[in-house]
Amino acid sequence: MSTVVDNKGLEAPSPVAAFLKRNMQLLLVTVALFVVLAFFSVAVPKFAFATVNVYLDIVLQSAFTGVMALGATFVIATSGIDLSVGTGLSLVAVMAGVFLAGDRMNLPLGLGLLLTLLVGMAIGLINGLNVSILGLPPFIATLAMMMVARGLALIISNKSSITIANPGYKFIAAGKVIPGVANSIVIFLVLTVLATFLMNKTLLGRYALAIGSNEEATRLSGVNVRMWKIIIYVVAGAFMAVGAVLYSARGGLVQPAEGVGMELNVIAAAVIGGTSLSGGRASIPGALVGAILMETLKKGLTMMSIAAEWQFVVTGIVLLLAVVIDNLRRIRENAA
């Protein structure tokens, strides 16, 4: 492989080699996605999988999980975790129903969406305060919020589904500004670009990675680590709120317990895509690919009439492989 010589006379990796090193897991998971797509395209009887409609449906179904995974990536980059995104989605969706349903507050669409976004950000704010100010481990802080959000969703909804008949709300997810492509897909892609910019070109992303790499050194360098952790959790809450809207707006029906367990898919999408659970390394495009890969596995196995419980087994194996690859990479880098 070609190399260049730095100003100390030492050989330095070429730009291509450096790019491959930085994005190795993203490249691996992208290759894995295409391999899985090719496999199901052949394995599913009558080539029923190998259609544009199926491919678009995979991206559509992965949109809400992927959007939440974008926000979770910032949290995981700090070596934190957010277990509240699943039940948080339920609570945010229930509040969207409270704000917008005709038999509830029936607010104008714009105001209802703003309040829904603020609910998600408030959940993130509480998580951030518990982690930064109270000093609780992220696992405990967000586990507590997971339980609180689940209970509040059931209490506020009275354990009943809420129908949001507002056509504008449904249009957010199911409408098609671009012919043939659902708005959920467009929003997912746009937010991926936005999150990539935030991670790579702003202090938010740089400090998230710095905190995850060495929190004490970051603090000693003059960074207000507590404040930035709070901001990062608030940003994750905003992405969670958008995911909740995309999820509930598909059919305009809010089920107060549907988000239970969804946090595992969100975290798995981020980690499979190349974000390290130990912090300091993150990949926003990887979260997108990870979410699509997981949905592809689910869709393909379903079309092959594989029992749902085996889908969990396959997803768990894929997640385990992603973590093993990340650990091997860290060991190699530490040994270098």
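Which side chains meet in a salt bridge of 2.9 Å, N to O? Select D57 and K299: their side chains form that bridge. D57 sits in helix α3 and K299 in helix α13, 242 residues apart, so the pair links distant parts of the chain. Helices here are DSSP runs of H or I, at least four residues long, numbered from the N terminus. A salt bridge puts a side-chain nitrogen of Lys or Arg within 4 Å of a carboxyl oxygen of Asp or Glu. The structure has four of them.

A note on the model: it is predicted, so local features need pLDDT of at least 70 and side-chain atom pairs pLDDT 80 or more, while totals for chains, interfaces and linings use all residues. Residues are numbered from 1 along each chain as its sequence is written, and side-chain values use heavy atoms, without hydrogens or water.

Next, select α8 (residues 183-201) and α9 (residues 203-213). Their axes, lines fitted to C-alpha atoms over the stretch in contact, come within 4 Å and cross at roughly 60°. Angles run from 0 to 180 degrees between N-to-C directions. Show L198, M199, N200 and K201 of α8 with L204, G205, R206 and L209 of α9. These residues make the contact, meaning heavy atoms within 4.5 Å.

Last, go to N265, M294, E295, K298 and F312. Among the 24 lining residues of the largest pocket, these are the closest to its centre. A pocket is an open set of points on a 1 Å grid where a 1.4 Å probe fits, with protein on both sides within 12 Å along at least five of seven lines; lining residues have an atom within 4 Å of a point. The volume is about 620 Å³, the space filled by probe spheres set on the points.

Terms used
Helix = DSSP H or I, 4+ residues; strand = E, 2+ residues; numbered from the N terminus.
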